[in-house]
Amino acid sequence: MFVRFVLHIVFLFSCFTGSAQIFKNIEKSIDKDSILKILKASKVNLVRLSDTNHRKGVYLLNLAENLTDTMNDINLKILVNRHRLEYFIDIRDTVMAEEYLRKNLVLIEKVGDKRELGLHYERIGALRSFQKRRKEEEMAAFKTASELLNKYGEKRDLIEANYNLGVIY
């Protein structure tokens, strides 16, 4: 807990001072587990209904993205982008959601992860579901997601995709 607090303070200091050397020192102490903990804390705060928690959740999501950008882990970047995408879909920010869809697709194609591609199509379907004019794209996205996740995903991955297909039918 103390180490995370110190890293947080040092990160803020480096953002305000622009000190590249301080940020490089942080990079050495941040690992995948740290990013996963930040993402989890972000998600917990984003579902709470207070402005303070929401701001904290967004801050943590931004922090995870900034820290991940300094790492050479494409799969972690995909995960962080997926969290960002889910957030933008939840708040109905279609412009940013479309941007993260594009960013993530480039990364997913680079690694060739079929499960992640299925999850990506599920997010496309979710975005299209509240863009009422794109029902055909919504249906196609959820079908593709279901097919990919059925073949390459985990059982829990299929629940949402199949639920959404059921709602459409």
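Student: In which element is serine 42 found?

Tutor: Elements are DSSP runs, numbered from the N terminus (helices are H or I, at least four residues; strands are E, at least two). Serine 42 is found in helix α3. This is a predicted model, in which local features need pLDDT of at least 70, side-chain atom pairs count only at pLDDT 80 or more, and totals for chains, interfaces and linings use all residues. Residues are numbered from 1 along each chain as its sequence is written, and side-chain values use heavy atoms, with hydrogens and water left out.

Student: Is serine 42 buried or exposed?

Tutor: Read the relative accessible area (buried is under 20%, exposed over 50%, partly exposed in between, with a 1.4 Å probe and protein chains only). Serine 42 has a relative accessible area of 1%, so serine 42 is buried.

Student: Which residues does serine 42 touch, not counting those up to four places away in sequence?

Tutor: Contact means heavy atoms within 4.5 Å. By that test serine 42 touches Gly57, Leu60 and Leu61.

Student: Let us stay in α3. Where does isoleucine 38 lie, and which residues is it in contact with?

Tutor: Set aside neighbours within four places in sequence, and isoleucine 38 is in contact with Leu60, Leu63, Ala64 and Leu67. Now take a C-alpha distance. Isoleucine 38 and glutamate 65 are 27 residues apart along the chain, and their C-alpha atoms are separated by 9.9 Å.

Student: How do I read the packing of α3 and α4? At what angle do the axes cross?

Tutor: The axes of α3 (residues 32-47) and α4 (residues 51-69) come within 7 Å. They cross at roughly 155°. Then classify the angle (under 35 degrees is roughly parallel, over 145 roughly antiparallel, 65 to 115 roughly perpendicular, the rest oblique). α3 and α4 are therefore roughly antiparallel to each other. Their crossing is left-handed (the near helix is turned anticlockwise from the far one by less than a right angle; clockwise would be right-handed).

Student: Which residues make the contact of α3 and α4?

Tutor: From α3, the list includes Ile35, Ile38, Leu39, Ser42 and Leu46. From α4, it includes Gly57, Leu60, Leu61, Ala64 and Leu67. Next, sort by class (nonpolar: Ala, Val, Leu, Ile, Met, Phe, Trp, Tyr, Cys and Pro; charged: Asp, Glu, Lys and Arg; polar: the others, Gly among them). The contact of α3 with α4 has eleven nonpolar, six polar and one charged residues.

Student: At what angle do the axes of α5 and α6 cross?

Tutor: Roughly 160°, and the axes of α5 (residues 74-90) and α6 (residues 94-111) come within 9 Å. The pair is therefore roughly antiparallel. The crossing of α5 and α6 is left-handed. Among the α5 residues here are Ile78, Arg82, Leu85, Phe88 and Ile89; among those of α6 are Met96, Tyr100, Leu101, Leu107 and Val111. By class, this contact has twelve nonpolar, three polar and five charged residues.

Student: Where is the place of arginine 92, and what is its phi?

Tutor: The place of arginine 92 is in the loop between α5 and α6. Most residues other than glycine have a negative phi. Phi of arginine 92 is near 65°, a positive value. At 51% relative accessibility, arginine 92 counts as exposed.

Student: How do the axes of α5 and α7 cross?

Tutor: At roughly 15°, and the axes of α5 and α7 (residues 114-129) come within 10 Å. That makes α5 roughly parallel to α7. This crossing is left-handed. Ile78, Arg82, Leu85, Glu86 and Ile89 in α5 meet Arg115, Glu116, Leu119, Arg123, Ala126 and Leu127 in α7. The residues divide into six nonpolar, no polar and five charged.

Student: Glutamate 122 is in α7. Is it buried or exposed?

Tutor: At 3% relative accessibility, glutamate 122 counts as buried. Not counting residues up to four places away in sequence, it touches Phe142, Ala145, Leu149, Asp157, Glu160 and Ala161.

Student: How many helices and strands are there in the protein?

Tutor: There are nine helices and zero strands. Of the 169 residues, 41% count as buried. Take contacts between residues at least 6 apart in sequence: 53% join residues at least 24 apart.

Technical notes. Axes are lines fitted to C-alpha atoms, for helices over the stretch in contact, and angles run from 0 to 180 degrees between N-to-C directions.
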